[in-house]
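This report covers one protein model, from the lining of its pocket to its charged pairs. Please keep the structure open while reading.

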Amino acid sequence: MIVPSAKFIRSLPYHKIPDRKDFESMSAKQRIPYWQEVITKSNKLAEVFQAMVNSDDILQFIKPLPF
């Protein structure tokens with residue numbers, strides 16, 4: 001299972017992953033920059049993930065599930 005860290009989610013605007021409800025509660029003026037920032041941060045997250053996948057020591061990044 002691959003999930004973004006709590007630290008990553010806290011770095012997002014409103015400290016959450018955007019969802020469809022945002023369309024109902026935000027104006028386009030609020031929503032568009034919000035989603036653009038999330039996309040930018042998500043692209044950086046994807047780049048880090050790609051670097052991990054391409055790493056010679058990917059096992060250092062794998063952690064057991066907490067249950």
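## Pocket

Some class terms come first. The model is predicted: local features need pLDDT of at least 70, side-chain atom pairs need pLDDT 80 or more, and totals for chains, interfaces and linings use all residues. Residues are numbered from 1 along each chain as its sequence is written, and side-chain values use heavy atoms, with hydrogens and water left out.

The volume of the largest pocket is about 760 Å³. Its lining has 20 residues, and Met-1, Ile-2, Val-3, Met-52 and Phe-61 are the closest to the pocket centre. A pocket here is an open set of points on a 1 Å grid over the protein atoms alone, where a 1.4 Å probe fits, with protein on both sides within 12 Å along at least five of seven lines; lining residues have an atom within 4 Å of a point. Points are joined across faces, edges and corners, and the volume is the space filled by probe spheres set on them.

## Overall fold

The protein has three helices and zero strands. Along the sequence, the pattern reads α-α-α. The radius of gyration is 15 Å, well over the 11 Å that the globule rule gives for 67 residues, so the protein is more spread out than a compact globule. That radius is taken over C-alpha atoms, and the rule is 2.2 Å times the number of residues to the power 0.38. Helices (H or I, at least four residues) and strands (E, at least two) are DSSP runs, numbered from the N terminus.

Along the principal axes, the C-alpha atoms fill a box of roughly 45 × 30 × 15 Å. Of the 67 residues, 13% count as buried. Buried means under 20% relative accessible area, exposed over 50%, and partly exposed in between (1.4 Å probe, protein chains only).

## A buried valine

Val-38 lies in helix α3. Its relative accessible area is 9%, so Val-38 is buried. Which residues does Val-38 touch, not counting those up to four places away in sequence? They are Leu-12, Pro-13 and Pro-18. Contact means heavy atoms within 4.5 Å. Val-38 and Pro-18 are 20 residues apart in sequence, yet 7.9 Å apart in space, C-alpha to C-alpha.

## Salt bridges

Side chains of opposite charge can pair when their charged atoms come close. The count is four salt bridges, each a side-chain nitrogen of Lys or Arg within 4 Å of a carboxyl oxygen of Asp or Glu. Asp-19 pairs with Lys-16, with the closest N and O atoms 3.3 Å apart. Asp-19 is partly exposed at 33%; Lys-16 is partly exposed at 26%. A network of salt bridges links Lys-16, Asp-19 and Asp-22.

Helix α2 (residues 21-25) holds both Glu-24 and Lys-21, three residues apart, about one turn of the helix. Their salt bridge has its closest N and O atoms 3.7 Å apart. Both Glu-24 and Lys-21 are exposed. In helix α3 (residues 28-54), Lys-41 and Glu-37 sit four residues apart, about one turn of the helix. Their side chains meet at 3.5 Å, N to O. Lys-41 is partly exposed at 24%, and Glu-37 is partly exposed at 36%.
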